[in-house]
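Visitor: Could you walk me through a few places in this model?
Guide: Gladly; here it is.
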Amino acid sequence: MRAWFPFADGFVLTIEAFGKNHDEWADAVYAAYDQLNTQYIAVRSSATKEDGMDDSFAWQFDTYLFVNRETLIEQIMECHKSIDSPRIIAYCESKGINISEIKVAVVIQKMINSEVAGVAFTVNPVTNNRDEIMMEWWFWLGEAVVSGMITPDNYIWSKAKQSITDKSISHQTKKLVLDMSKWGTIEESVEST
């Protein structure tokens, strides 16, 4: 299956920067940020062991919204430091995961007020069926799912049949949207739009 979907412009600070002094990568990050030509960005952690066969770190690493140039390096470093958070340490201990094997990349993207957000897994992470793609979507900003505020709709796509073979639709009553007057997010009713 091949499709073209719009997404926010951005760049990735790869795992090679993890554990290094920020002086070694800050200039390159500032240069890439300046090319985005935007005032605010989202800074998102992306760890090397977020979704495995027996574990999932979904929603446990840090994400920051409305980051500007002045706080960019600090927020990237906070994403890197989230590996040492009590929730990550406890999860690794409960799963017998060697935390020293995990590295954290950071995704930097323009802040946008999306109408719909989602995620797709190229292998069904629940059943490990390689013939299935699991897709989840929700209204507006993805932080509503990350925070546990809502449960997303869920679709299973069969690669062999080239069609949706199962779906679970959630009754989404709340959403998070950008509040540009406060440079943050605000919770609204889905029915209000």
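Predicted model: local features only at pLDDT ≥ 70, side-chain atom pairs only at ≥ 80, totals over all residues.

Visitor: Which residues of helix α1 are buried?
Guide: Ala26, Val29, Tyr33 and Leu36 are buried in α1, which spans residues 26-36; buried means under 20% relative accessible area, exposed over 50%, and partly exposed in between, with a 1.4 Å probe and protein chains only. Helices are DSSP runs of H or I of at least four residues, and strands are E runs of at least two, numbered from the N terminus.

Visitor: Why do they line one face of the helix?
Guide: Seen down the axis of α1, the buried residues fall within an arc of 75°, so they line one face; the arc is that of the directions from the helix axis to the C-beta atoms.

Visitor: And what sits on the face turned away?
Guide: That face carries the exposed residues Asp27, Ala28 and Gln35.

Visitor: New topic: is Ser85 buried or exposed?
Guide: Ser85 counts as buried because its relative accessibility is 9%, and this residue is found in the loop between α2 (72-81) and α3 (86-95).

Visitor: Where does Glu132 lie?
Guide: Glu132 lies in strand β6, residues 132-139, and its side chain makes a polar contact with the side chain of Asn124 at 2.8 Å. A polar contact is a pair of N or O atoms within 3.5 Å; within protein, one must be able to donate a hydrogen and the other to accept it, and residues adjacent in sequence count only if both atoms are side-chain atoms.

Notes. Residues numbered from 1 in each chain as written. Heavy atoms only, no water.
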